[in-house]
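The paragraphs below walk through one protein model. They begin with a pair of packed helices and then widen to the domains, the ligand and the backbone details.

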Amino acid sequence: MLEEINSPEDVKKLNDQEKKQLAEEIRKYILEIVSENGGHLASNLGVVELTIALHTVFDVSKDKIIWDVGHQTYVHKILTGRREALKTLRKLNGIAGFPKTRESETDCFNTGHSSTSISAALGMARARDLKGEDHSVIAVIGDGALTGGMALEALNDTGFSKCKMTVILNDNEMSISPNIGGLNKFLSKLRTKKLYTKSNISAKKIIWKIPGIGKPTVKIIQRVKRSIKQLIIPKMFFEDIGFTYLGPVDGHNITELENILRLSKQVETPVLIHVLTKKGKGYEIAESSPDKFHATGPFNISTGEPKKEKTSDYSKIFGDKLVELAEVNKNIVAITASMKDGTGLSKFQKMFPERFFDIGIAEQHAVTLAAGMAKEGITPVVPIYSSFYQRAYDQVIHDIAIQNLPVVLCVDRAGLVGADGETHQGLLDMAFFRLVPNLTIMAPKDFKELEDMLEFAINLKKPVVIRYPRGGESNEVKFEKHEKMQLGKVEFVKNFNEKSVDKVSIIAIGKAVAKGMKLAENLEKEGKDVQVINTRFLKPIDRNAIVEAIKQSQKIITMEDGTIINGLATAVKEIIAEEKLTNIDLETHAYPDKFIEHGSVEELEKMYW
Ligand SMILES: Cc1ncc(C[n+]2csc(CCOP(=O)(O)OP(=O)(O)O)c2C)c(N)n1
C-alpha cells in the first residue's frame with residue numbers, strides 16, 4: 001500500500017482498516033531506513049498513527065503543522081511525497097532528519113532545537129488573523145519538550161491570546177531518558193484519567209466555545225462545575241490558563257485521533273489535545289529501550305545491536321574523569337538538560353545520585369541553577385552540546401561571567417556534528433564565548449588533554465569553558481607528550497628543525513591540532529620547516545608565544561573547528577594588528593560564515609575545512 005501513497009490526498013482516501021495497514025507498512029519502512037542510515041527511531045515509531053490522523057483531518061497545502069524538535073517527522077515526510085527520497089535520510093544532499101522549508105512546502109517551519117513549536121505556531125496564528133485568512137495552525141510537542149522554558153512562555157501567551165490554534169501534546173512519558181519534573185508528575189495524573197472516546201466526550205464544554213451555540217446555559221453550568229472540579233481534576237491547569245483541554249486520547253487509535261482532531265477544529269480558542277503514545281511502538285527492542293533508540297547509528301534489525309562497534313568518545317572520557325574527580329572532591333555536582341547519556345553522565349548518576357541533576361530540556365535553567373550553586377560554594381559541571389549552549393548564552397553572561405562564578409561549562413559536540421545538520425552543528429561557540437569577559441576557554445587536542453583540562457578547570461575556581469568534539473580522538477595522530485596545564489599557555493607539539501629558513505608555524509586548537517600535525521607532515525615533504533603550536537586556550541591567549549612564532553616564521557597557518565569569525569584566526573589577526581606586525585603570510589583554516597547542512601563529518605570537513 002505504501003507504494004501508492006504519494007501525497008496526503010492519497011491518505012485521505014483510505015478507510016480505517018487501510019490506514020491501520022498503512023501504519024504497519026510505514027513502521028517497517030522507517031525501521032529499514034533508520035537501521036541503515038541511523039537517525040531518530042523511537043520517536044518516529046511513536047507518531048505513526050498521529051501523523052496519519054493529522055494528514056487525514058488537516059490539509060497541509062494551507063494548514064500549518066509545526067513539529068517540535070522535528071526529529072519525529074519521518075512519517076510526515078513519507079506522506080508528503082518524500083517516500084523514496086527518505087532512503088537518502090541524513091545523507092549529504094539527501095533528505096534532512098528535521099523539517100526543512102527548503103525541502104517541502106509542507107514543512108512549514110524549521111525546527112531542531114526543543115520547545116519552539118508553540119511560539120512559532122502562535123506567531124503563525126496571529127499572522128493569519130491579522131491577514132484575515134482562515135486555516136488551522138497546529139503545534140505538535142512532546143512531554144519532554146514541554147519542560148523547556150520557551151514552551152511554557154508560549155503556553156502562557158497562547159492561553160491568554162484566545163487565538164484559534166491547537167497544541168498537540170504527544171505524551172510518551174519520555175524525553176530521551178524518562179521525563180522528569182513537576183509537570184511530568186502533573187501529566188501522569190492526567191494520563192490515568194479515562195481515555196477520550198467519541199462516545200464519552202463531554203460535548204457541553206466544547207459547545208459553548210462554538211460561536212452562537214448554547215452559550216449562556218452551558219456557561220453557567222461550566223462555572224458551577226469549575227469551582228468543584230478545581231479541587232479534584234488536574235486538567236484545570238490547562239483550562240485555567242486559557243486552553244480547552246481534550247483527552248487523553250489513545251495515540252495509536254487512528255479513528256479516535258481523527259475524531260478529537262475534528263472536534264478541536266470547531267473550537268475558536270486555543271485547544272490542547274493530550275495524546276498518549278508509546279515510544280518505539282511496534283518494534284519491541286525499541287519499546288523496551290526507547291532511550292537507546294531515541295537516536296541511533298545503523299543497527300541490526302533482528303538484534304538491535306549497532307552495526308559498528310562503539311569506540312570510546314570524548315563524552316565518555318569526560319564522564320569517566322568526572323567520576324574519578326568527584327570521588328575525591330565531594331563538592332562536585334553534575335547538571336544535565338535532559339542529555340544524561342549523550343553527555344556521558346550515566347555513570348556519574350549511578351555513583352552519585354544525590355549530586356546529579358537532570359533538570360529537563362532547560363539549558364537556561366541549567367546554567368543559572370549552576371550559578372546559584374557556585375555562589376554557595378558548590379562546584380557545578382554542566383555538559384551541554386555546543387548548539388544547545390546557544391540557548392543559555394545570556395545565563396552564561398549574566399549569571400556566571402559577570403559574577404565570576406566557578407562553573408565548569410563543558411561544550412560537548414563542538415565543531416561539526418554531521419548528519420543532524422544546520423541546527424546541530426557546533427560551530428559558533430568559540431565565537432560567542434570569546435566575547436564574554438571573565439571566561440577562560442579551552443579545547444583539548446586528545447582524550448588525555450580533556451582529562452587534564454577538566455581537572456585544571458575544576459581547580460581554577462573561575463568560569464571555564466571546555467569544548468570538545470563529537471566522537472573520538474584522531475586515529476592517525478597520537479600525541480605522546482602532554483605538558484602540564486598552565487593558564488593561558490600554549491604547548492609546542494612539534495618543534496622547528498633549527499637550520500631551515502623556510503619556516504611555517506601552525507597554530508591550532510582542539511581537534512584541529514591533529515589536523516595540524518598531518519598538514520605539517522605534508523608541508524615537510526615539500527621542504528618546509530614546520531612547528532605546530534597547540535594553543536590550548538582561546539582565552540586568555542598566549543600572546544607572547546604567538547608573537548614569537550610570527551616573528552620566526554615566513555608563514556602562519558591557523559586551524560580551528562569553528563566559524564572563521566571571532567575564533568582563533570581572529571585572535572591571531574588581532575595580535576598581528578595590535579603588535580603592528582607586518583609582511584605576514586597568514587592562511588586560515590576554519591568554517592565559512594554559513595550554516596552548514598547535513599552530511600557525514602568527513603564529507604563536510606572535505607567540503608568546508
Ligand atoms: C534545546 C534542545 N536541547 C536538547 C535537545 C536534544 N533533544 C532532542 S529530542 C529530545 C527529547 C525530546 O523529548 P520529547 O519532546 O518528549 O519527544 P519524544 O522524542 O519523546 O517524542 C532532546 C532532549 C534539543 N533538540 N534541543
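In this predicted model, helix α6 (residues 117–131) and helix α7 (residues 149–161) have axes that come within 7 Å of each other and cross at roughly 30°. Angles under 35 degrees count as roughly parallel, so α6 is roughly parallel to α7. On the α6 side the contact is formed by Ile 118, Ser 119 and Leu 122. On the α7 side it is formed by Met 150, Ala 151, Ala 154, Leu 155, Asp 157, Thr 158 and Ser 161. Sorted by class, the residues of this contact are six nonpolar, three polar and one charged.

A second pair can be read in the manner of the first. The axes of helix α16 (residues 363–375) and helix α18 (residues 393–401) come within 9 Å and cross at roughly 10°. That crossing angle makes α16 roughly parallel to α18. Here Gln 364, Val 367, Thr 368 and Ala 371 in α16 meet Gln 395, Val 396, Asp 399 and Ile 400 in α18. The contact of α16 with α18 holds four nonpolar, three polar and one charged residues.

How do α22 and helix α23 (residues 568–578) pack? Their axes are 11 Å apart, and the angle is about 75°. The range from 65 to 115 degrees counts as roughly perpendicular, which means that α22 is roughly perpendicular to α23. Arg 543, Ile 546, Val 547 and Ile 550 of α22 make the contact with Val 572, Ile 575 and Ile 576 of α23. The class count for the contact of α22 with α23 is six nonpolar, no polar and one charged residues.

These helices belong to a protein whose secondary structure comes to 24 helices and 17 strands. The radius of gyration is 27 Å, close to the 25 Å that the globule rule gives for 609 residues, so the protein is as compact as a globular protein of that length. Along its principal axes, the C-alpha trace spans about 95 × 55 × 50 Å.

The domain assignment divides the protein into domain 1 (2–288), domain 2 (314–467) and domain 3 (491–608). Between the C-alpha centres of domain 1 and domain 2 the distance is 33 Å. To the contact of these two, domain 1 contributes 19 residues and domain 2 contributes 16 residues. The side of domain 1 that touches domain 2 consists, by class, of five nonpolar, 13 polar and one charged residues.

Which domains supply at least three residues each to the shell around the ligand? Both domain 1 (2–288) and domain 2 (314–467) do. In total, 24 residues surround the ligand, and the closest are Ser 43, Ser 114, Gly 142, Gly 144 and Ala 145. By class, the ligand shell has eight nonpolar, twelve polar and four charged residues.

Some backbone details remain. The peptide bond from Gly 247 to Pro 248 is cis, with omega near 0°, and Pro 248 is found in strand β4 (residues 244–250). The bond from Lys 539 to Pro 540 is also a cis peptide, with omega near -10°. Pro 540 sits in the loop between β15 (537–539) and α22 (543–552). Asn 93 is not a glycine, yet its phi is positive, at about 65°. Asn 93 lies in the loop between α5 (74–82) and α6, and α6 is one of the helices in the pair that crosses at roughly 30°.

Methods:
Residues numbered from 1 in each chain as written. Predicted model: local features only at pLDDT ≥ 70, side-chain atom pairs only at ≥ 80, totals over all residues. Domains from an automatic or database assignment. Contact = placed C-beta atoms within 7 Å. Nonpolar A, V, L, I, M, F, W, Y, C, P; charged D, E, K, R; others polar. Near = placed C-beta within 6 Å. Axes fitted to C-alpha atoms, helices over the stretch in contact; angles between N-to-C directions. Helix = DSSP H or I, 4+ residues; strand = E, 2+ residues; numbered from the N terminus. Parallel < 35°, antiparallel > 145°, perpendicular 65-115°, else oblique. Rg over C-alpha atoms; globule rule 2.2 N^0.38 Å.
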